[in-house]
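Work through the exercises below with the model open beside you, and try each task before you read the solution that follows.

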Amino acid sequence: MRSTNRALNRLLLLAVGLALLIVGIATLVAGFWQGAAPAREDAAGLLRSAPEAFAEWQVDLSAIGLGVLPWLVILVPAVALVVAVLLVVLIAAQGRGRTSGIIRLRSPEGATEVDVGVGEAVIGGELSGCREIARNRIRAYRVSGRPALEIAVAVRRGGDLASVTGRAVRAVEAWDAVLGRKLPILLHLTTPRWAGLRHENRVQ
Amino acid sequence: MSEHERLYRRILRRETHSSRTAAVLAVAATLIVLCLVVGAAAVGLAVDSASRETVVSWASGASGDTFARPAVITGGAIAATLGLWLVLLAMLPGRRARHGRLAGRVALLADDEVTADAIADRVARELGLDRRQVRVTVARRAAAVKVTPTSGVAVDQHAAARAVDEVVEGLGLALVPRVTVAAQGVLA
Amino acid sequence: MSVPRPVEAIGATVPGRVSIRPQALQAVVAAIAADSVGVPVARVSARLADRGGVLRASLTMPANLTAEVRGATLLEQTELLRRDVVEQTAVLTARTIRGVDIELAGVFRRAVRRVS
């Protein structure tokens, strides 16, 4: 239930994809089209005259001891750095929102934090009697600025999904009564096979 | 209780569709490397006059052959394919193998694997077959049940469909049963 | 943390100053919190901080899930806790706490003795 900005992700993929697609198609057309030979000569000419053009656009940094440099040498690394930083920020923005196992509620007189272990104790306790549940895992998240819980329940093979769901909802109601607030809760039914978790309650 | 209805809808929509994080990470990493290479090259060219000479002489020798057709076509094809793939990733919904619904107090999310297992178990029990004779695939709106009959024993397709409905309605998911019976049965 | 105050004894006024060491203050707050929620004081951690002249308390303790306390929900308990901490700290130490942050970490269940 992490809060990756999905719209932004897809926007990035669309932008890069369209750019590549347009450039690719243009290049393909240039490659196949018979009349493109002159265009290729033009492109070659451009490349030939490039070094002189770059040499002309100069900026004088002798004052700080760097001598005379082409504009591009300043511009290109700067742009590259900015783009790289933006991308790193984008990478870091993936998958935020999972709180470190704490339900945080703010009030004007102070903040109240309830460790997710308390929820595990109550909900896990309620579910421990159910034979059809192999494992349960409870995680706290922040969704749309509010605390929410995901309860992942591993259903044993042959288990009755409707009755497992009923047990889980009753466990949630018990938790509501203990906490004193109805948090948004995602009940996730999964198979008994999953790997590598921290807050996992194994139930016999 | 529909007090979290809007939030639940948002959560379920997100949980049942891909976030495309993997693709974004790959694209971002590639672009970052590109940025670093280009930036370093620019700085390197500025600093090292020898490499500058090499680049200048290469550029001066450019002719129509530098943009030879095979190279251009290959490059264009690769770029266009990659671009198309990324555009598709961006536009297609990317549905995950899960189904969800608002279930009053909670938002319910069921992995298709669990639903399929439960349906297969129920169908096998209803028809009196071995569990291995029933294979279930859960699609977006339907549950496809493939039954391999026991030789000489007829398969009651309606009973199978009813079993699917029982499981599906118990969860409240909108899956339509589609039962097919294999032409070849098993002897045992 | 010390506030100069004259000590008033019945029948006489002896000038002097009462200063309370931070550790003692925190111990008092912890004791008040333990009493309010009904958990052993050893499991309560109290930290006091000054935020621009205002006293703020930060408490960490287990959630009391003992059946008898079930009448009050956890959030109700924390509200009562806030009130108790502010009121009783003021009475006992003449300090006004503004703002109590509470963290419920862990669980406490009082063992029930069976009387047979």
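**Exercise 1: the second largest pocket**

Task: In this predicted model, find which element gives the most to the lining of the second largest pocket.

Solution: The strand β1(B) contributes the most to the lining of the second largest pocket, with 4 residues. Both α1 (5-15) and β1 (98-103) of chain B supply at least two lining residues each. The pocket holds about 430 Å³ of space, and its lining has 18 residues, of which B:T16, B:H17, B:R98, B:H99 and B:G100 lie nearest the centre. By class, the lining divides into 5 nonpolar, 5 polar and 8 charged residues.

**Exercise 2: the largest cavity**

Task: Determine which helix gives the most to the lining of the largest cavity, and how the lining residues divide by class.

Solution: The structure holds 2 cavities of 30 Å³ or more, and about 70 Å³ of space lies in the largest cavity. Its lining includes A:R156, A:R157, B:D117 and B:D121. Helix α5 (residues 112-127) of chain B gives the most, with 4 residues. The lining as a whole divides into 5 nonpolar, 3 polar and 4 charged residues.

**Exercise 3: a helix pair**

Task: Describe how the axes of helix α1 (residues 6-32) of chain A and helix α4 (residues 69-91) of chain B cross.

Solution: The two axes come within 6 Å and cross at roughly 155°. Because angles over 145 degrees count as roughly antiparallel, α1(A) is roughly antiparallel to α4(B). The crossing of α1(A) and α4(B) is left-handed, and their contact has 22 nonpolar, 6 polar and 2 charged residues.

How values were computed:
Residues are numbered from 1 along each chain as its sequence is written. Chains are lettered from A and ligands numbered from 1 in the order in which they are written. This is a predicted model: local features need pLDDT of at least 70, side-chain atom pairs count only at pLDDT 80 or more; totals for chains, interfaces and linings use all residues. Side-chain values use heavy atoms; hydrogens and water are left out. Axes are lines fitted to C-alpha atoms, for helices over the stretch in contact, and angles run from 0 to 180 degrees between N-to-C directions. Angles under 35 degrees count as roughly parallel, over 145 as roughly antiparallel, 65 to 115 as roughly perpendicular and the rest as oblique. A crossing is left-handed if the near helix is turned anticlockwise from the far one by less than a right angle, and right-handed if clockwise. Ala, Val, Leu, Ile, Met, Phe, Trp, Tyr, Cys and Pro count as nonpolar, Asp, Glu, Lys and Arg as charged, and the others, Gly among them, as polar. On a 1 Å grid over the protein atoms alone, a cavity is a set of points where a 1.4 Å probe fits but cannot get out, and a pocket is an open set with protein on both sides within 12 Å along at least five of seven lines; lining residues have an atom within 4 Å of a point. Grid points are joined across faces, edges and corners, and a volume is the space filled by probe spheres set on the points.
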